[in-house]
Amino acid sequence: MAFLAHFLKKYPLSVVCIIVVWMLSLMPVPETPLKEVRYIDKWTHLVMYGGTCTIIWLEYLRSHKKISKKKLVLLAWLAPALMGGVLELLQAYCTGGRRSGDWVDFVADTLGATLALGGGMLWVRWHARR
């Protein structure tokens with residue numbers, strides 16, 4: 001319980017983003033005029049996971065004086081990528097047909113997280129030189 005309170009204190013925006021991603025991933029898809037945009041769902045996954053990972057990076061860097069690249073990769077890349085896989089499985093097997101799991105969505109999730117990882121690593125490298 002103490003870990004959860006500590007995590008909520010250090011990563012409040014990250015927790016909010018993660019909750020929003022879970023909610024959006026498990027609710028029925030609403031009709032939207034953007035449905036006509038090619039690959040809009042893939043772009044949405046890429047932006048959601050890239051944004052979530054970026055926020056995790058920023059909150060980690062804000063709350064830690066010593067930067068652990070290993071922790072950052074685990075926390076800001078691997079955990080969201082695994083979350084994307086779990087959500088795709090839940091969509092496929094636990095939404096009663098309202099959502100369908102799509103492995104290409106999982107690739108978009110992971111790509112978004114990977115882009116945020118690359119940007120974060122460049123930021124840490126640039127910031128270390130200053």
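Which residue does the side chain of lysine 42 meet in a salt bridge at 2.7 Å, N to O? In this predicted model, local features need pLDDT of at least 70, side-chain atom pairs count only at pLDDT 80 or more, and totals for chains, interfaces and linings use all residues. Residues are numbered from 1 along each chain as its sequence is written, and side-chain values use heavy atoms, with hydrogens and water left out.

The partner is aspartate 105, whose side chain pairs with that of lysine 42 at 2.7 Å, N to O. Helices here are DSSP runs of H or I, at least four residues long, numbered from the N terminus. Aspartate 105 is buried at 6% relative accessibility, and lysine 42 is buried too, at 17%. For the record, buried means under 20% relative accessible area, exposed over 50%, and partly exposed in between (1.4 Å probe, protein chains only).

Lysine 42 also forms a salt bridge with aspartate 41, again at 2.7 Å, N to O. Aspartate 41 comes out as partly exposed, at 35%.

Elsewhere in helix H3, arginine 62 and glutamate 59 sit 3 residues apart, which means about one helical turn between them. Their side chains meet in a salt bridge at 4.0 Å, N to O. Arginine 62 is exposed at 55%, whereas glutamate 59 is buried at 4%. Back with lysine 42, salt bridges with shared partners join Asp41, Lys42, Asp102 and Asp105 into one network.

Overall, the structure has 4 salt bridges, each being a side-chain nitrogen of Lys or Arg within 4 Å of a carboxyl oxygen of Asp or Glu.

Conventions: Helices (H or I, at least four residues) and strands (E, at least two) are DSSP runs, numbered from the N terminus.
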